[in-house]
Amino acid sequence: MQLLVLKLGGSILEKLPTQFYRTVGDLLHKKQCLPIIVHGGGPAINQMLESLQIPNEKVDGLRVTSQSVLEIAEMVMCGQINKQIVSEFQLAGVNACGLCGVDGNLLQTVPADRTGKLGYVGEVEKVNTTFLTTFLEAGILPIISPIGTDSYGQHYNINGDTAATAIAQALGADLIFVSDIDGVMEEINGQKTLLSTLDEQEIYDKIACGNIYGGMIPKVKAALKGLANGIKRTAIVNGLKPEDLGAFIHGETRGTSILLRKEKYDEPVHTSK
């Protein structure tokens, strides 16, 4: 059965319809794929930092993480948000379990920036796939918060897209970024359109000209890295349209598929409705 990592962006968590959780449950129960959830929590972290008057800075879409910011990120993502998602899946009839990258040494982490500019931001060095597959083999849906740990016990805040990509790479899984938009949009002839595919060159061109910016930058970069390291399929899909998720799993074109190169693809650009 094909493994599938679903990355739920923090901006969509409060908007996801009940049908999304049921759709994932149906895919699991009908053995059409074996899903794993990785989630973010940016808006909720921002809100908590603001309420506590803790400085909040980002560089190229990555949160600068001081010790204070790390403690808030861990509290919000591993506690509040993770358990909310677990509850939603269980209400949809899915046996789910909340984890973070510290549990079972799941996400073995090193600093993402050796200069220290980003603080305690980590990147995944190794995924404990043996620990993770224990849950999958038991029919349990893992819900993972992207907080990791190094060999000294220091915790790190990992960008959710980066964590999801590392897990998908380690398991040989497909990867879907679940967003609150249809995919990567661009204004063409005065009309916003959905780009059904984007390759590496197009992505870096659009980053350079500002069409891809903010939190979308680590998302597309993570997708490219995953494709270069064994992930076969990755796309950005709208979670507010759960039917799109099922359609993508069954091989239909939905959202924006990220590609290394486009030699074999000649798909049209679709106008967003």
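**Exercise 1.** Determine how helix α1 and helix α8 are oriented relative to each other in this predicted model.

*Solution.* Step 1: helix α1 covers residues 18-29 and helix α8 covers residues 242-249; their axes come within 8 Å and cross at roughly 25°. Step 2: angles under 35 degrees count as roughly parallel. Step 3: α1 is therefore roughly parallel to α8. Step 4: the crossing of the two helices is right-handed.

**Exercise 2.** Identify the residues through which α1 and α8 meet, and describe their classes.

*Solution.* Step 1: α1 contributes Gln19, Phe20, Thr23, Val24 and Leu27. Step 2: on the side of α8, the partners are Pro242, Leu245 and Ile249. Step 3: by class, this contact has six nonpolar residues, two polar ones and no charged ones.

**Exercise 3.** Describe the largest pocket by its volume, its centre and its lining.

*Solution.* Step 1: the largest pocket holds about 930 Å³ of space. Step 2: it is lined by 41 residues, and those closest to its centre are Asp161, Gly214, Gly215, Met216 and Lys219. Step 3: among the elements that give two or more residues to this lining are β10 (155-158), α5 (160-171) and α7 (216-228). Step 4: α2 gives the most, with four residues. Step 5: the lining divides into 15 nonpolar, 17 polar and nine charged residues.

Notes
Residues numbered from 1 in each chain as written. Predicted model: local features only at pLDDT ≥ 70, side-chain atom pairs only at ≥ 80, totals over all residues. Heavy atoms only, no water. Axes fitted to C-alpha atoms, helices over the stretch in contact; angles between N-to-C directions. Parallel < 35°, antiparallel > 145°, perpendicular 65-115°, else oblique. Left-handed = near helix turned anticlockwise from the far one by under 90°. Contact = heavy atoms within 4.5 Å. Nonpolar A, V, L, I, M, F, W, Y, C, P; charged D, E, K, R; others polar. 1 Å grid on protein atoms, 1.4 Å probe; cavity = no way out; pocket = protein on both sides within 12 Å on 5 of 7 lines; lining within 4 Å. Points joined across faces, edges and corners; volume = space filled by probe spheres on them.
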